[in-house]
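I opened the notebook to record what I looked up in this structure.

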Amino acid sequence: MSSVVELENGAVSIAGRPILRHIDLTVRSGEFVALMGANGSGKSTLVRALTGLWPLTTGSLSLFGTPFGSFHDWQRVGFVPQRGGAASGVPASVWEVVASGRLTRRKLLRPLGRADRAAIADALDVVGLAHRARESVSSLSGGQQQRVLIARALAGEPDLFFLDEPTAGVDLPNQQVLADTLRTMSGRGATIVLVAHELGPMAPLIDRAVVMRDGRIAYDGSPLASEQVATAHLDGHHHHHHHEPDHHDHAPHVSSLLEGDR
């Protein structure tokens, strides 16, 4: 399989403070990779570095085999940020927000064509919000707004998706819908890099877990094996805080992994 993302010896510093150090990461075509770790471990910074939102201090990055500095094929990349609310104070319909995802595909000042409308309709269908298309985004729940952001990225028909904690603050039924959405995307051959604190309903979809700790990759391998790795890492780390109960019973390795890392 060809590599879609390749980062060698990547480092990021913010205001002179090192945030990421010595990161080597390869994501292959069609892979579903979960980027995990406690708050402050560097996982969101890493995604921002991989999409060019944060500059690398050192290291080399290539996307789809092209060195980052020469990469211009941005319609192949979709980014779903952490939900700050898809509405963000602007009165827009669900359809309008999703349609904005076609901007990377359109010729300047050309109205939406048949292919655009088909892609928008398909994206709304995949996230299960076709029936809410004309409603205001601000009328939706947090989980539904997150699905609108995913549909916006989907509408651009990218080959590579970065999702930054899409299930944060989202109730279990909506997490399940998000998992179903990602299953559909993965089934279509998309390469997915998912930043997650816990996997929950996403767990069965993951090919690889990459666990961050203190700005470095502490583990990269099978999601199931990460339980043993976590246990080894937790020796001597018993200062964990109280962990609020949740519904992620079938991904115990994740909780044990993060417990000592807060």
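My entries on the structure follow.

I note that this is a predicted model, in which local features need pLDDT of at least 70 and side-chain atom pairs count only at pLDDT 80 or more, while totals for chains, interfaces and linings use all residues. Residues are numbered from 1 along each chain as its sequence is written, and side-chain values use heavy atoms, with hydrogens and water left out.

Strands. I looked up strand 1 (residues 3-14) and found 8 bridges joining it to strand 2 (residues 17-28), antiparallel. Strands here are DSSP E runs of at least two residues, and helices are H or I runs of at least four, numbered from the N terminus; two strands pair if DSSP finds at least two bridges between them. Leu7 has Leu25 of strand 2 as its bridge partner. Strand 1 is also joined to strand 4 (residues 58-63) by 5 bridges, again antiparallel, and Val5 stands opposite Leu63 there.

Core. The core has 42 residues, and Val98, Leu182, Leu194 and Leu199 have the most contacts inside it. Helix 4 (142-155) is one of the elements that supply at least two residues, and helix 4 gives the most, 7 residues.

Lining. Which classes make up the lining of the largest pocket? I recorded 8 nonpolar, 7 polar and 1 charged residues.

Terms used:
A nonpolar core is a set of buried Ala, Val, Leu, Ile, Met, Phe, Trp, Tyr and Cys residues joined through side-chain atoms within 4.5 Å. Buried means under 20% relative accessible area, exposed over 50%, partly exposed in between (1.4 Å probe, protein chains only). Ala, Val, Leu, Ile, Met, Phe, Trp, Tyr, Cys and Pro count as nonpolar, Asp, Glu, Lys and Arg as charged, and the others, Gly among them, as polar.
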